[in-house]
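Below is a short report on one protein model.

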Amino acid sequence: MKVVIVGGVAGGATAAARLRRLDETAEIIILERSGYISYANCGLPYYVGGEITRRGALTLQTPESFFRRFRIDVRVRQEVVSVDAKKKCVTVRNIESGSDYTENYDKLILAPGAKPVRPNLPGMESENIFTLRTVEDTFRIYDFIEENKPRSAVIIGGGFIGLEMAENLVNRGIFAAVVQRPKQVMSPIDADMAAIVHNHLRSKGVELLLGASVEGFEVRDGRIYTQIAGQEAKGADMVILAVGVVPESTLAEEAGLALGVKKAIKVNAHMQTSEPDIYAVGDAVEVAHFVTREKALISLAGPANKQGRIAADHICGIESSYKGSQGSSVLKLFDLTIASTGLNTRGAKAAGIDMDAVILSPASHATYYPGAGSMTMKVLFEKKTGKILGAQIVGFAGVDKRIDVLATAIRAKMTAFDLTELDLAYAPPYSSAKDPVNMAGYAMENILTGKIEQVQWEDVLAAKESAILLDARTDYEYENGHVENAKHIPVDELRERMNELSKDRTYYVYCQSGLRSYLACRILCQNGYACYNVAGGYGFYQQSLRDQAPEPKGKGPCGL
């Protein structure tokens, strides 16, 4: 059996290694357009920033090491220019010599990945404009910085690459401004959670231009000016284009293979394309979203590796299937961590799911043990069943641990009730006796069983004229800041002061994080008062609506 693999990064290299482990006799050829294989794509920004200091550290394998270990023929600087599905052969161009040759196959795996979007704008030919996708791109940016000593950079796009580049450029002493067409960065998370990220970026000296549309570029006096609709041009020494990626599906399209959403390659659960002897994996393929089962394009390294393994399994006769992607991701941003999995609010509503969300502000571990960090958690659930739909966490410690537990819960199709029963490891340096994931389950359970009615800040503020806000915090907290026109009764005084409230009105109760307001609502509803607990409390209000940067230090239970 002869297998040709087009692309040698995550999906392609994984498929090749798995094939060899399953079949020692197969002839396996990897054809890679760039000069590197199996490289750490997600680590590229950290080489620019100096966190990774050796160029060789970016490449996990070389053609030579791959051959020594697996006896696989790896050819770099070889671009596949066409696929003939009927003749079962590919035409390959040697980039160094410019000559073409053909290579036949029994099975073909397409792992071409995705390419950076380069919008058709005036001035795009400038040498001061960079994209970051390959090892060569990384070295080009690094060498430019070393030679030209830029003092400022404009980054177009506020996704993973854009924000990682902002951090790493700032760490090198370069002022960074992020220009983003949507009004928030990090589209996988909701706008209220992204607001916390905005505040943190600004606190680190990063300028944000949100809701800004780039119209072109102009070079003047050695600087490049980004032209923004309705605003003054933004001058800098360099520009990083990070506006997203699109599938590298031209080969597949020209070969007559079926395409799907955003021209991604259609595949079945075994990663087979519309031609059974041609497989496709990685950033170029259409997948099913694990939660909704709708077709999606999810470009992440984890799914690409899994898909490469599944394609290799199926070629070797193992009935392996890919069950879908849920977009689990994590991002380091200075000392802040942003993580998400599953659906966000926009995705859940687009899928027609009747959902709600709880917002918590737990500490990463017991606050009496030194070093506890703060985090904000938002967990989405289906109202009818309590099924976990998605989660977003922004914080300083313990974020990755909790998002992985919640990602596993989604994969296992768990409900809020299941989260309350998870038996998670506890010791004061690592967690609390009731882990934040358990607490999220309790909060959702209270809503699902009717013990509490909840409202989001956006709904409270939309009904500001008719809403009666009740602040359940201490006098000290209230005097240091509160929502305008809020009535103030500390929860510990509420039983004695309920006569100050009317049973003919509805009260929206908040505290700092949602715990004391929950207690207040339990007191009120059992005494015949109509009330709602405001999700996230005043702390979330300050961060998401009043531009307060998040505090790194974790706090104990409200009021204690």
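Which residue forms a salt bridge with lysine 2? The model is predicted, and the answer is glutamate 103, with the closest N and O atoms 2.6 Å apart.

## A buried charged pair

Glutamate 103 counts as buried, at 11% relative accessibility. Lysine 2 is buried too, at 9%.

Glutamate 103 also meets arginine 75 in a salt bridge, at 2.8 Å from N to O. Arginine 75 belongs to strand 5 (residues 73–76), 28 residues away from glutamate 103. Lys2, Asp73, Arg75 and Glu103 are linked in a salt-bridge network. The whole structure holds 29 salt bridges.

Five strands form an open sheet in the order 23-24-27-26-25, paired antiparallel. Strand 23 (329–333) and strand 25 (355–360) are the edges; each has a single partner strand, so one side of each lacks a neighbour in the sheet. The twist averages 10 degrees from one strand to the next.

Strand 26 (residues 375–382) and strand 27 (residues 388–395) are joined by seven bridges. Valine 379 stands opposite alanine 391. In the loop between these two strands lies lysine 383. Lysine 383 forms a salt bridge with aspartate 354, at 3.8 Å between the closest N and O atoms. Both residues are partly exposed: lysine 383 at 42%, aspartate 354 at 49%.

## Helices across the sheet

Helix 6 (residues 191–203) lies across strands 23, 24, 25, 26 and 27, at about 15 degrees to strand 27. Helix 10 (residues 399–411) lies across strands 24, 26 and 27, at about 175 degrees to strand 27.

How values were computed:
Residues numbered from 1 in each chain as written. Predicted model: local features only at pLDDT ≥ 70, side-chain atom pairs only at ≥ 80, totals over all residues. Heavy atoms only, no water. Pairing = 2+ DSSP bridges. Helix = DSSP H or I, 4+ residues; strand = E, 2+ residues; numbered from the N terminus. Axes fitted to C-alpha atoms, helices over the stretch in contact; angles between N-to-C directions. Contact = heavy atoms within 4.5 Å. Salt bridge = Lys/Arg side-chain N within 4 Å of Asp/Glu carboxyl O. Buried < 20%, exposed > 50% of the residue type's maximum accessible area, 1.4 Å probe, protein only.
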